[in-house]
Structure formats: structure tokens, C-alpha cells
Amino acid sequence: MNNRQNQSMEPGERYQMPVSGTPWEVLEKELNCLKSNDIDWKHGKAAVFVHYAGEQALAIAKQAYTMYFSENGLGKRAFPSLEKLERDVIDMGLGLLNAPASATGFMTTGGTESIFMAVKAARDRFQTRHGQSRTPEILLARSAHPAFDKAAHFMGLKAIRTPLSSEFCADPAVFERYINHNTAMIVGSAPAYPHGVIDPIDQLATLSEQHNIWMHVDACVGGYFAPFVRMLGVDLTPFDFSVSGVSSISADLHKYGYAAKGASTLFFADPTLARHADYFFDSWPRGTYHTQTLVGTRPGGAIAAAWAVMNFLGIDGYKKVAQQITTCRQSLQDGLRDMGFNIWGDPKLSILAWGNDDQSKVHSVGNSLAANGWLVGYLTEPPGIHLMLNATHPDSLHDYLRDVRTALRSKGTSGPSGTTNEAGLSRGKTDATY
């Protein structure tokens, strides 16, 4: 068999490492062939997974990543430049989020890791105060990200989810009824991923102060977007460290920071809170092992790319992209409303959830969009279609609205492939990419 024997593999046959090496020219051709089947995100066909601020920012991220391709963020003694770059990134993020002088933080590999470490810190503080006989609880709205449940599952907490308000936000009055002596963390989202709306962080933080409970703001989506939208004059619900009582904030750099994957940040209001995220192990022949993050090795390229893109774009660059995206979102809202669809909630950032109480209608439109090459993300409560916009979408705005209109005029569309529920909406699948 030749080296590329695996192109004609039989079902169930394993891919095998070639006996001799394959020239890059052959591998590059095969990679391009494989990639040709992926979604055409550069032309706005994907409203999730990719965050884009233009070719220049993308090129800067790639170049900076390559410069630190082999360096390890775990080895600060070996790579003091990475320690400096990370500190600069953290300082810039803290400034955007109105953090006090005492605030601190660190970079992680993604939103899920940032959430894991926030939950770990809140759990450890709870156990320091109350011992380990109780099961700590996380109180969060139904719209909060599943990464909190995932963290609770792995670390022995219980996640308590509450019903949403009529505006699809967390309801502080409902939260208050659920608070008890086991509540270790209250979560608010800025914004929540399903509907793109910001929870009433100030009211939730007031509850956390009254009951002396850790308050975490999940700004994985909005942390590097909402500050610039606010600078554009949009009146946003308070969501950052300017709100008294906020203990920690997670914010993803590889989303609207436009950095390379995987890069996120976790911030703490003061070092005494941050210390609960630390992990120490000193019973080891190699000496003491200490990390603030869940992972050990971290890609130096992701740290360098974040630093480079933030400095390249600057505040003016981020504001420009935020303006493009929010203008596009508003145009989509207007166009979809004109066609008779509802906008679920009052989104003011980059996420738009739209639909109709007629589930079959949503199903039919989604199938038609998919047939035209759009990657469709479904919302199940209420029935709808989910968009997470970036700088590729202004150019595809009119095509998208045209294809929705075409779907409405269609007599019917074929059903989606895969498992569906009775309403025809995708079951068990999510586009939440923390």
C-alpha cells in the first residue's frame, strides 16, 4: 500500500500511520481537499464557532502565534516574555471591565476552563468557611451556560437552575427564594448565550452581598464586546466590576477579542479570592507543583496572539468592529420582524435569537437555510434560530434575509437529517462553544 492508502478506507477500518513520510505538498493538497467540505464561514455562512475582525487582525494573530508556537505558558521561568505578555493582556482586560486596583486574573485555554476555575475557587472558599460536610450549590438561570453544570458534575457541587423572566433573563426574585445555607455561587450572564440578553447583574450582586455568596459573571461572550458597545453610547445593563459584589468574571479572548484559539481570561476582584483557584502539590520528588489553571501546559502562541491582536486593534479598532456587528444585528432584527418573526428578548450585543411560536414554521425555514449552505443553530425555548454575529455577516446580510424570504414562500422543505424531536428541532445538539 502507498502512503495515502487511507483515502479509500473501508467502514470500520482504522487510519494507519504511513511507513515512510509524506511530502508536505501532498499533505497540503489533501488538507485543502478535506477542508473544502467545511462550512464557508468567511462568507458569513456560519453564525458560530468563528470570530473574525478582518484579514489584518487574523494575519497578526497567526504571525504572533507562530512566533511562540513551541513555547509553553506553564514555564514562566523559561519564558519570562510570556509572563509579561499574559500580564499585559490581563491588565488590558481588567481596564475594560472597570476593575479595582486590587483585581487580578490569569489566562486559560477557553471559557469552559475559566468557568471551571471560578467554580473551583467558589467551592474552595465555601469549604474553607463551612467544612466539607455540605454539598455546595451553584444558583443560575436556565439560560446560563452548561459549563457550570459540567464543572459541578466534576467537582461535587449541585447546580440549581431557575426559571427565566418574561424578558428571558435571570429573575432576582426567584433567585432569592432559592438561596440557602448551601449556596456557594450565584451566576449571572453577560450575555446569556441562548437569547443574547444580559442578566440583571446588579440585582444578583446585591443578593450575593446580602448573603455573603460568591458572585460570578459569565462574560465569556460579552467580555471583549460589551465594553466597546457601551463606548458607542448603547445603554447596557451594568455587568462588570463597577457593580459592587461581583467576585469574578470570565471573558473569552478567542471570541470577540479575536485572538487565536484557545484563549480566555478569568478575573477576580481581589487576590484573596484568586488564591482559592490555586492548586498546590508538594509530595513529589520533582518539588512543588503549582498551577492556577486546570491545565498545565498552555500554548504560548495563544497568549502572544491575544497580546498582539489587542494592541493591533486598540480601542478604536474594537469599536469599529462592534459598530459593524451591532448595525448588522439591528438590520437583521428589522428585516426578520418585517417578515412576521419575533425577536426573543431585547438583544443589544452580537447574539440574535429569532423565531415564531409555530415550531413547524421555524423548522421549515431552518431546513431551507441549511439547504442554501447556512449553518443553522436552533433555539428550543422558545422555538427559534440562533445567530452569533461577527464581521463576516454584514456582507452576507442581504443574502440571509433573501433566503429567509424564499423559505417563507416555499411550499415545504424536506426534514433535517439526524434525530429530531416532535417539533423537528435538533435534539441533543448545541452550538455553545465555550
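Which side chain meets Arg230 in a salt bridge? The partner is Asp240, with N and O 2.9 Å apart; a salt bridge here is a side-chain nitrogen of Lys or Arg within 4 Å of a carboxyl oxygen of Asp or Glu. The model is predicted, with residues numbered from 1 along each chain as its sequence is written; local features need pLDDT of at least 70, and side-chain atom pairs count only at pLDDT 80 or more, while totals for chains, interfaces and linings use all residues. Side-chain values use heavy atoms, and hydrogens and water are left out.

**Sheet**

- Seven strands form an open sheet with mixed pairing, in the order E1-E7-E6-E5-E4-E2-E3. Strands (E, at least two residues) and helices (H or I, at least four) are DSSP runs numbered from the N terminus, and two strands pair if DSSP finds at least two bridges between them.
- The edges are taken by E1 (104-108) and E3 (158-162); each has a single partner strand, so one side of each has no neighbour in the sheet.
- From one strand to the next the twist averages 20°. Angles run from 0 to 180 degrees between N-to-C directions, and axes are lines fitted to C-alpha atoms, for helices over the stretch in contact.
- Strand E2 (residues 137-141) pairs with E3 in the parallel sense over five bridges. In this pairing Glu137 stands opposite Lys158 of E3.
- Helix H3 (residues 80-96) lies across E1 and strand E7 (264-268), and runs at about 120° to E1.

**Nonpolar cores**

- The largest nonpolar core has 120 residues, and Tyr258 and Trp354 touch the most other members. Such a core is a set of buried Ala, Val, Leu, Ile, Met, Phe, Trp, Tyr and Cys residues joined through side-chain atoms within 4.5 Å.
- Helix H10 (residues 300-338) supplies the largest share of this core, 16 residues.
- Not counting residues up to four places away in sequence, Tyr258 touches residues including His51, Tyr52, Phe225, Leu253, Val309, Leu313 and Ile325. Contact means heavy atoms within 4.5 Å.

**Thr183**

- Thr183 lies in strand E4 (residues 183-189).
- Its relative accessible area is 7%, so Thr183 is buried. Buried means under 20% relative accessible area, exposed over 50%, and partly exposed in between (1.4 Å probe, protein chains only).
- The side chain of Thr183 reaches the backbone nitrogen of Asn180 at 3.0 Å.
- Leaving aside neighbours within four places in sequence, Thr183 is in contact with Phe126, Glu137, Leu139, Tyr178 and Ile213.

**Salt bridges**

- The count comes to 12 salt bridges.
- Lys42 and Glu55 form one of them, with the closest N and O atoms 3.1 Å apart. This pair links distant parts of the chain, 13 residues apart: Lys42 is in the loop between helix H1 (24-35) and helix H2 (55-67), and Glu55 is in helix H2.
- Lys42 is partly exposed at 41% relative accessibility, and Glu55 is partly exposed at 43%.
- The Arg230–Asp240 salt bridge ties together parts 10 residues apart in sequence, because Arg230 lies in helix H8 (residues 226-231) and Asp240 in the loop between H8 and strand E6 (248-252).
- Arg230 counts as partly exposed at 28% relative accessibility, whereas Asp240 counts as buried at 0%.
- Asp252 and Lys255 meet through their side chains in a salt bridge, 2.5 Å from N to O. Asp252 is buried at 1% relative accessibility, and Lys255 is buried with a relative accessible area of 1%.
- Salt bridges also link Lys120, Arg123 and Asp124 in a network.

**Asp171**

- Asp171 lies in the loop between E3 and helix H6 (172-178), and counts as partly exposed at 22% relative accessibility.
- The side chain of Asp171 reaches the backbone nitrogen of Ala173 at 3.1 Å.
- Apart from neighbours within four places in sequence, Asp171 is in contact with Pro163 and Ser165.
- Asp171 and Gln203 are 32 residues apart in sequence, with their C-alpha atoms 9.1 Å apart in space.

Terms used: A polar contact is a pair of N or O atoms within 3.5 Å; within protein, one must be able to donate a hydrogen and the other to accept it, and residues adjacent in sequence count only if both atoms are side-chain atoms.
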